[in-house]
Amino acid sequence: MVIVAILLICAIAAPWIATHDPLAQDLTRVLASPSPAHWFGTDEYGRDIFSRVVYGSRVTLYIIFLVTVIVGPVGLLIGTMSGYFGGWVDSVFMRITDIFISFPSLVLALAFVAALGPGLEHAVIAIALTSWPPVARLARAETMTFRKSDYVVAAQLQGASAARILFHYIAIMCLPSLIVRLTMNMATVILTAAALGFLGLGAQPPLPEWGAMISTGRSYMLESWWLVAFPGAAIMLVSLAFNLLGDGLRDLLDPRTE
């Protein structure tokens, strides 16, 4: 939670935390090593690495937020409908889900980005399209445990519609598990976004995105290690933080652990 809080603070207060303009070039300070003037050194254009890492937190949170906003409702809707109605509805939705799950998420994201074209928004869409199947699977499993519960049967006997039962009785019960899943999924989103940026299919230069920073710095990494070390450390720490946060939320929200 501390690392995630620091990420949020860096994203919100980036103009005040950053020591330099992340896009400003200074050709007199090209590939300068870490120093009091440039805490994380400079890149091949003389841009301050620390400022670019700080502003990169905005890009990371932007991707996480948009992917979660898309994946959460889509996965919840498909999973609850599949688990509640069963039959041909379940078969159709789950076969579509199986098709998406059968491909590695990064390979499928690369295919979508290649079709849509490089760019941050296209990367978000591609990551979202590859991230919803596990959420739908989880929502389906949770729904199948709740659909025969006494309170659901009582609502059916009172004449409640299927839509009301899904949204007012079942979806709410699925939320704790989905919150945990989405939180732990954020680490995968960060790594996939960094991989797309590294390959030049995500955020485009000069936008300070951590994966793209590693990609441009790899040509100089043997002499200027800071070009890849600090963005790589940011990716590692934030991914680890979301994984640990997901574990903590699972222990907190899962009554079976008590």
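**Helix packing and selected residues**

Modeller: In this predicted model, the axes of H3 and H10 come within 11 Å and cross at roughly 35°.

Colleague: Into how many nonpolar, polar and charged residues does the contact of H3 with H10 divide?

Modeller: The crossing of H3 and H10 is right-handed. On the H3 side the contact is made by Ile 49, Val 53 and Ile 64, and on the H10 side by Trp 226, Leu 227, Phe 230, Pro 231, Ala 234 and Phe 242. Sorted by residue class, the contact of H3 with H10 comes to no charged, no polar and nine nonpolar residues.

Colleague: How are H9 and H10 oriented, roughly parallel or roughly antiparallel?

Modeller: The axes of H9, residues 210-217, and H10, residues 226-253, come within 8 Å of each other and cross at roughly 150°. Because angles over 145 degrees count as roughly antiparallel, the orientation of H9 relative to H10 is roughly antiparallel.

Colleague: Which residues of H9 meet H10, and how does the contact of H9 with H10 divide by residue class?

Modeller: H9 passes H10 in a left-handed crossing. From H9, the residues Trp 210, Gly 211, Met 213, Ile 214 and Gly 217 meet Leu 227, Val 228, Pro 231, Gly 232, Ala 234, Ile 235 and Val 238 of H10. With Gly counted among the polar residues, the contact of H9 with H10 divides into no charged, three polar and nine nonpolar residues.

Colleague: Turning to the chain as a whole, how many helices and how many strands are there?

Modeller: Read from the N terminus on, the elements run α-α-α-α-α-α-α-α-α-α. Among contacts between residues at least 6 apart in sequence, 71% join residues at least 24 apart. The C-alpha atoms of the chain fill a box of roughly 75 × 40 × 25 Å along the principal axes, and the count of elements is ten helices and zero strands.

Colleague: What share of the residues in the chain is buried?

Modeller: The chain exposes about 13,000 Å², of which carbon and sulfur atoms supply 70%. Of the 258 residues in the chain, the buried ones make up 45%.

Colleague: Where is Arg 47 placed, and is Arg 47 buried or exposed?

Modeller: Arg 47 lies in the loop between helix H2, residues 14-17, and helix H3, residues 49-85. Leaving aside neighbours within four places in sequence, Arg 47 is in contact with Pro 22, Leu 23, Ala 24, Gln 25, Gly 41, Thr 42, Arg 52 and Pro 206. Since its relative accessible area is 7% and the cut-off for this class is under 20%, Arg 47 counts as buried.

Colleague: What is the phi of Leu 31?

Modeller: Leu 31 is found in the loop between H2 and H3, and at 25% relative accessibility Leu 31 counts as partly exposed. Although Leu 31 is not a glycine, its phi is positive, at about 55°.

Colleague: In helix H6, is Arg 140 buried or exposed?

Modeller: Arg 140 sits in helix H6, residues 120-146. Not counting residues up to four places away in sequence, Arg 140 touches Gly 79, Ser 82, Gly 83, Asp 90 and Met 94. The relative accessibility of Arg 140 is 19%, and because the cut-off is under 20%, Arg 140 counts as buried.

Colleague: What separates the C-alpha atoms of Ala 155 and Ile 165?

Modeller: Ala 155 is found in helix H7, residues 150-157, and is buried, with a relative accessible area of 2%. Not counting residues up to four places away in sequence, Ala 155 touches Ala 160, Ile 165 and Tyr 169. Ala 155 and Ile 165 are ten residues apart along the chain, and the separation of their C-alpha atoms is 7.2 Å.

Note on methods: Residues numbered from 1 in each chain as written. Predicted model: local features only at pLDDT ≥ 70, side-chain atom pairs only at ≥ 80, totals over all residues. Heavy atoms only, no water. Axes fitted to C-alpha atoms, helices over the stretch in contact; angles between N-to-C directions. Helix = DSSP H or I, 4+ residues; strand = E, 2+ residues; numbered from the N terminus. Parallel < 35°, antiparallel > 145°, perpendicular 65-115°, else oblique. Left-handed = near helix turned anticlockwise from the far one by under 90°. Contact = heavy atoms within 4.5 Å. Buried < 20%, exposed > 50% of the residue type's maximum accessible area, 1.4 Å probe, protein only. Areas by Shrake-Rupley, 256 points an atom, 1.4 Å probe, with all protein chains shown as cover.
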